[in-house]
Amino acid sequence: MNIENIYKEAGALLEGHFILSSGNHSNRYLQSAKVLENPATAEILAKALSEQIKASGTEVDTVCAPALGGVIAGYELARALKVRSIFAERKDGKMELRRGFEIKKGEKILICEDIITTGGSAMEVAKIISELGGEVVAFAALANRGFCHREGSDTSRKSNCKLLENIPFYALADFEFAMYEPDNCPMCLEGSVAVKPGSRT
Ligand code: ZN
């Protein structure tokens with residue numbers, strides 16, 4: 001399965017001249033929600049991810065995703081693993097389990113995102129799961145932006161990866177894009193103007 005092609009065909013892998021949330025510029029951008037707008041594609045991707053997790057022998061009771069971005073990926077992964085699916089959401093800036101979602105002491109929780117960049121939101125969820133007595137057994141994402149090390153990849157962990165090093169991280173593919181500081185961006189030097197991907201329809 002060629003993950004990059006699936007993203008491209010779904011219009012989820014954009015090519016152009018983009019301003020990333022970090023402020024750096026890139027010629028590529030992942031619009032992760034686009035790859036999940038077709039439920040059949042979401043199912044295929046989540047099934048492939050579930051097979052990696054099953055093969056590793058990692059036991060999972062529940063998948064927990066940070067809202068909003070991780071919810072669909074988390075739900076589909078839970079379906080493929082045949083386990084429960086919950087999500088955490090931000091209230092007044094702080095991640096919380098709401099809507100009656102509960103976890104038991106020692107419950108084995110996998111934290112799932114659509115894409116892991118530095119893993120900040122995933123780690124916020126990991127923290128509340130631990131505080132509630134759950135055990136974080138793994139992180140997972142459909143796509144790894146290349147800052148963290150996923151199981152089975154030779155991409156090394158970068159200093160800005162926030163995921164805990166002793167917990168495995170499963171993802172389908174690494175998407176490592178060239179990044180440029182605005183003053184040093186070859187596309188800017190050629191006179192092109194960078195756009196924020198979210199601002200385009
Ligand atoms: Zn630029």
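Is Thr 62 buried or exposed? Thr 62 is buried, because its relative accessible area is 1%; here buried means under 20%, exposed over 50% and partly exposed in between, with a 1.4 Å probe and protein chains only. The model is predicted, so local features need pLDDT of at least 70 and side-chain atom pairs count only at pLDDT 80 or more, while totals for chains, interfaces and linings use all residues. Residues are numbered from 1 along each chain as its sequence is written, and side-chain values use heavy atoms, with hydrogens and water left out.

The side chain of Thr 62 makes a polar contact with the side chain of Glu 107, at 2.4 Å. A polar contact is a pair of N or O atoms within 3.5 Å; within protein, one must be able to donate a hydrogen and the other to accept it, and residues adjacent in sequence count only if both atoms are side-chain atoms. When neighbours within four places in sequence are left aside, Thr 62 is in contact (heavy atoms within 4.5 Å) with Val 83, Arg 84, Ile 86, Glu 107, Lys 108, Ile 109 and Leu 110.

Next comes the metal site. The zinc ion is coordinated by His 17 through NE2, His 25 through ND1, and Cys 185 and Cys 188 through SG, at 2.0 to 2.4 Å. Donors are N, O and S atoms within 2.8 Å of the metal (3.2 Å for Na, K and Ca); water is not among the atoms, so sites may look incomplete. The arrangement is tetrahedral because the four donor atoms subtend angles of 94 to 122° around the zinc ion. Four donors count as tetrahedral if all angles lie between 85 and 135 degrees. Along the chain, the donors follow the spacing H-x7-H-x159-C-x2-C. Both histidines, His 17 and His 25, are buried.

Helix H3 (residues 39-56) has 18 residues, which should span 26 Å at 1.5 Å a residue, and the end C-alpha atoms are 26 Å apart, in agreement; the expected span is 1.5 Å times one less than the number of residues. Asn 38 caps the N-terminal end of H3, with a side-chain oxygen 2.9 Å from the backbone nitrogen of Ala 40. After H3 comes Gly 57, whose phi is positive, near 80°. Buried residues in H3 are Thr 41, Ala 42, Leu 45, Ala 46, Ala 48, Leu 49, Ser 50 and Ile 53. Their cover includes H1, helix H2 (32-35), helix H4 (71-81), strand E6 (108-116), strand E7 (135-144) and strand E8 (169-174). Glu 43 also lies in helix H3, but counts as partly exposed at 46% relative accessibility. Glu 43 and Ile 72 are 29 residues apart in sequence and 10 Å apart in space, C-alpha to C-alpha.

Charged pairs can be considered next. Side chains of opposite charge can pair when their charged atoms come close. The structure holds 15 salt bridges, each being a side-chain nitrogen of Lys or Arg within 4 Å of a carboxyl oxygen of Asp or Glu. In one of them, the closest N and O atoms of Lys 8 and Glu 4 are 3.7 Å apart. Both residues lie in helix H1 (residues 3-9), four residues apart, about one turn of the helix. Arg 90 and Glu 124 form another salt bridge, at 2.7 Å from N to O. This pair links distant parts of the chain, with Arg 90 in strand E4 (residues 84-91) and Glu 124 in helix H5 (residues 120-131), 34 residues apart. Glu 165 and Arg 157 also meet in a salt bridge, at 3.9 Å from N to O. Salt bridges that share partners join Glu 4, Lys 8, Glu 15 and Arg 28 into one network.

A few backbone details complete the picture. The peptide bond from Ala 67 to Leu 68 is cis, with omega near 0°, and Leu 68 sits in the loop between E3 and H4. Lys 82 is not a glycine, yet has a positive phi of about 60°; this residue is in the loop between H4 and E4 and is exposed, with a relative accessible area of 76%.

Technical notes:
Tetrahedral: all angles 85-135°; square planar, octahedral: opposite > 155°, others 65-115°. Helix = DSSP H or I, 4+ residues; strand = E, 2+ residues; numbered from the N terminus.
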